[in-house]
Amino acid sequence: MERIILVGFMGAGKTTLGKVLAETLSIPFYDSDVLIEKRTNSSISSLFLHHGEAYFRNLEKETIEQLSKTSNYVLAVGGGLPCFNNLMETLNGLGTTIYLKHDVTTLSNRLSNDLEQRPLVTEKSGDALISYIKEKVDEREMVYSKAQLILEEAEQTPENLIRRLNLLHQKS
Ligand code: S3P
């Protein structure tokens, strides 16, 4: 029984790395945002716009409740999910959590090419985007850091991730 859960800020590469990892391990890959979009038949942007953030955070909570009923998957969760409703603790109880850590400059470079689908940053650019990321990362870092594995940027390859997971399992 295995659940591997990737956490980190928007633009951390959770989906990209998660898909490769799932393929390598031959288990399904899930993305909490995609599950919510399918369930509600709405985009994340539209959910924020029409129902507000609190409504979205509740959908995230329900999604994790559903996922706790199955196992054997790699899951990438939305950047804010672990920071609401005590979900970081829940995720730690469900499986192996991995924080993909990046500095603010990398996150802002990555995000500035991909703002459209992310309602919290869609309207931001330049210095405003950098300040927003810095403020949020400062706020969220202590939650993400409760993950069982913390991977710095240079360590974020599928091979290394599998090696670190094996080491962790050997210890426990
Ligand atoms: C959010 C991150 C997004 C998405 C939503 C809110 C956040 O997911 O869930 O826009 O609060 O950081 P990604 O981290 O996959 O971009």
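Strand 2 (residues 29-31) and strand 3 (residues 73-76) of this predicted model pair in the parallel sense over three bridges, where strands are DSSP runs of E of at least two residues and helices runs of H or I of at least four, numbered from the N terminus. Pairing requires that DSSP finds at least two bridges between two strands. Tyr30 has Leu75 as its bridge partner in strand 3.

**The sheet**

Strand 3 also pairs with strand 1 (residues 3-7), again in the parallel sense, over four bridges. Five strands in the order 2-3-1-4-5 form an open sheet with parallel pairing. Strand 2 and strand 5 (149-151) are the edge strands, each pairing on one side only. On average, neighbouring strands of the sheet are turned by 20 degrees against each other, direction ignored. The pairings and a bridge partner for each are set out below.

| Strand pair | Sense | Bridges | Partners |
|---|---|---|---|
| Strand 2 and strand 3 | parallel | three bridges | Tyr30 and Leu75 |
| Strand 1 and strand 3 | parallel | four bridges | Ile4 and Val74 |
| Strand 1 and strand 4 (residues 96-100) | parallel | four bridges | Ile4 and Thr96 |

Strand 4 is mostly covered, as five of its five residues are buried.

**Two asparagines in loops**

Most residues other than glycine have a negative phi. Asn72, in the loop between helix 4 (53-67) and strand 3, has a positive phi of about 65 degrees. Asn72 is partly exposed, with a relative accessible area of 34%. Asn86 lies in the loop between strand 3 and helix 5 and has a positive phi of about 60 degrees. Asn86 is exposed, at a relative accessible area of 56%.

**Packing of helices 6 and 7**

Helix 6 (residues 104-112) packs against helix 7 (residues 126-144) at an angle of about 125 degrees, with the axes 10 Å apart. That angle makes helix 6 oblique to helix 7, because angles under 35 degrees count as roughly parallel, over 145 as roughly antiparallel, 65 to 115 as roughly perpendicular and the rest as oblique. Val104, Leu107, Ser108, Leu111 and Ser112 of helix 6 meet Leu129, Ile130, Ile133, Lys134 and Val137 of helix 7.

**Basis of the values**

Residues are numbered from 1 along each chain as its sequence is written, and side-chain values use heavy atoms, with hydrogens and water left out. In this predicted model local features need pLDDT of at least 70 and side-chain atom pairs count only at pLDDT 80 or more, while totals for chains, interfaces and linings use all residues.

Methods:
Axes are lines fitted to C-alpha atoms, for helices over the stretch in contact, and angles run from 0 to 180 degrees between N-to-C directions. Contact means heavy atoms within 4.5 Å. Buried means under 20% relative accessible area, exposed over 50%, partly exposed in between (1.4 Å probe, protein chains only).
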